[in-house]
Amino acid sequence: GATSYSISNGLTKIVAIANSLLVLTSLTPYAYGVTELALSVVGVFSIFQLTGLERTVVADMGVEKGQGDVPAARRLFQDFIILLTLLSVVAWAVLFWGSVTIGRFFTEEIGSYFVIISFLFLAAPATAAMRILYGVYFDFTTTAYFTFLQEIAKLTFLAFFFFFDSVTIAIVLWAYVIAMCAPVLFLMPRTMGHLRRLRLEPARGKSEPLRFFRGHNLWTLLSNYIDTSIKSIRLWLIKFFIGTEAVALFAVATGFVGHLSSFINISSIVGPVLPQYIHNRPIFYRIIDKTIKYQMLLAFVVVAAGLLVVPILVEWLFPQYQSSLVLFAILVFALFPSSINNIFQTMFYALKAQRNLFFAQVVKFIFVVGLGAASFYFVGFFGIAIEYLSTVTFFGLERYRVLKKLYPDFSINTRDFFLYDEYDKLLIQRILNRFIGIRR
């Protein structure tokens with residue numbers, strides 16, 4: 001439960017930092033930029049991985065299983081894995097056999113790495129099946145160590161070449177593939193145990209894999225795809241207008257921001273709570289206000305710590321990336337608006353407003369492409385900070401506007417920030433349970 005999550009989460013962060021150290025100390029800024037651009041193709045092809053639908057499948061299977069209808073749950077599981085497998089094979093074939101042709105749309109150098117990246121898609125169905133089974137059967141301990149095993153496999157592979165050969169772009173990409181496959185091998189006995197339980201009864205009903213392209217599933221899929229694609233397109237805009245090394249500096253800066261944000265993402269803790277109060281709007285809105293309060297308090301602490309610690313780490317461990325520090329010192333303040341954005345996104349899912357979230361993502365896509373091209377061209381390197389901060393802030397305001405349109409009575413009540421009540425206690429307890437492993 002909470003203790004397993006806390007231990008694995010802490011260990012995963014440590015190992016992930018070690019992986020970053022090995023990569024950044026081994027690759028030049030140009031080589032690291034090429035690596036990030038090559039990996040960006042995963043985002044472009046992410047729709048073939050049905051990104052965002054795993055959570056929906058787990059929830060739907062849980063409902064069927066809770067009602068004693070295991071055959072219906074098995075049918076859902078089979079349909080999803082069949083569809084994901086077919087799409088993953090298509091993505092692999094396109095990247096593997098068409099790497100030269102596709103590379104012409106990117107660069108020949110990056111295109112040559114698509115063969116390696118293609119194997120990430122072949123591993124996707126197995127890893128998705130495992131995570132779904134662990135979620136349906138409440139195997140939180142195994143779930144907690146899933147990512148840890150991936151990072152350990154990556155570290156072992158990278159460390160071998162770091163000490164006995166050399167870490168190159170190709171080695172880094174193969175490390176991602178190894179990391180995807182490792183949990184499949186190590187956790188196979190555990191997975192087969194859950195699979196046998198699911199297969200005790202035959203699947204019921206007609207197979208309908210295309211059901212995942214209808215209703216809320218479709219909007220969730222499209223929304224997640226656009227969000228992932230934005231990250232990939234931003235990298236290519238930076239390369240086109242500024243250069244490959246700028247991509248590396250941006251990736252390093254946002255990498256540190258990402259590590260810091262993992263310490264303050266309490267919206268995932270509130271997510272399971274919100275649906276319980278969906279029909280009691282005053283309480284629902286108050287919990288949102290309380291979540292924003294603690295999210296901002298944590299963001300303030302993390303930003304201050306990051307500004308003190310990150311420059312020391314960069315100058316000591318990989319001085320060739322010191323130019324990223326100026327960018328980091330600006331981008332880290334995006335944690336404040338992005339923290340609120342995460343809470344708004346949780347609200348969209350709780351209110352089943354994925355369709356509205358999709359259109360908000362489309363507006364964000366247009367904003368990033370338009371402002372990104374203009375700021376990168378006219379301002380150059382510091383245009384990256386202008387676009388990034390502007391996008392995060394604008395998208396937060398756009399999400400708030402859409403939520404207000406859907407629910408006119410919704411507003412952020414700052415008065416709740418200065419009150420302490422039972423909802424503060426609820427959030428504090430869940431934060432402690434999640435991050436420290438304390439149970440009350």
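Modeller: Happy to. Val326, Tyr377, Phe378, Val379, Phe382 and Ile386 make a nonpolar surface patch of about 640 Å². Patches are built from residues with over 30% relative accessible area and no salt bridge, joining like charges within 9 Å and nonpolar side chains (Val, Leu, Ile, Met, Phe, Trp, Tyr) within 5 Å. Accessible areas come from the Shrake-Rupley method with a 1.4 Å probe, and for residues only the protein chains shown count as cover.

Biologist: Before we go on, what sort of model is this?

Modeller: This is a predicted model, where local features need pLDDT of at least 70 and side-chain atom pairs count only at pLDDT 80 or more, while totals for chains, interfaces and linings use all residues. Residues are numbered from 1 along each chain as its sequence is written, and side-chain values use heavy atoms, with hydrogens and water left out.

Biologist: Back to the patch, then. Where does Phe382 lie?

Modeller: Phe382 is in the loop between helix H17 (354-378) and helix H18 (383-406). Helices here are DSSP runs (H or I, at least four residues), as are strands (E, at least two), numbered from the N terminus. Phe382 has a relative accessible area of 43%, so it is partly exposed; buried means under 20%, exposed over 50%, and partly exposed lies in between (1.4 Å probe, protein chains only).

Biologist: What about aromatics, how many pairs are there?

Modeller: There are 31 aromatic pairs in the structure. Rings of Phe, Tyr and Trp (its six-membered ring) pair if their centres lie within 6.5 Å; planes under 30 degrees apart are stacked, over 60 edge-to-face, and the rest tilted.

Biologist: Why do Trp92 and Phe96 count as stacked?

Modeller: Because their ring centres are 5.1 Å apart and their planes are at 20°. Trp92 and Phe96 are four residues apart in helix H4 (residues 70-97), so about one helical turn separates them. Trp92 is buried at 19% relative accessible area, whereas Phe96 is partly exposed at 23%.

Biologist: And how are Phe240 and Phe241 arranged?

Modeller: Phe240 and Phe241 are edge-to-face, with 5.0 Å centre to centre and 90° between the planes. Phe240 is exposed, at 68% relative accessibility, and Phe241 is partly exposed, at 29%.

Biologist: Which residues do ring pairs link into a cluster?

Modeller: Tyr32, Phe256, Phe318, Tyr321 and Phe328 are joined that way.

Biologist: Switching to charges, how many salt bridges are there?

Modeller: The count comes to eight, where a salt bridge is a side-chain nitrogen of Lys or Arg within 4 Å of a carboxyl oxygen of Asp or Glu. One of them is between Lys154 and Glu151, at 3.9 Å from N to O. Both residues lie in helix H8 (residues 140-164), three residues apart, about one turn of the helix.

Biologist: Is Lys154 buried or exposed?

Modeller: Lys154 is buried, with 12% relative accessible area, and Glu151 is buried too, at 14%. The charged end of Lys154 also sits over the ring of Tyr176, 4.1 Å from the ring centre. That label needs NZ of Lys or CZ of Arg within 6 Å of the ring centre and within 35 degrees of the ring normal.

Biologist: What does Lys364 pair with?

Modeller: Lys364 meets Asp227 in a salt bridge of 3.4 Å, N to O. Lys364 belongs to helix H17 and Asp227 to helix H11, so this pair ties together parts that are 137 residues apart in sequence. Lys364 is buried, at 14% relative accessibility.

Biologist: Nice. What about Arg401 and Glu398, where do they lie?

Modeller: Both lie in helix H18, three residues apart, about one turn of the helix. Arg401 forms a salt bridge with Glu398, the closest N and O atoms being 2.8 Å apart. Arg401 is partly exposed at 45% relative accessible area, while Glu398 is buried at 11%.
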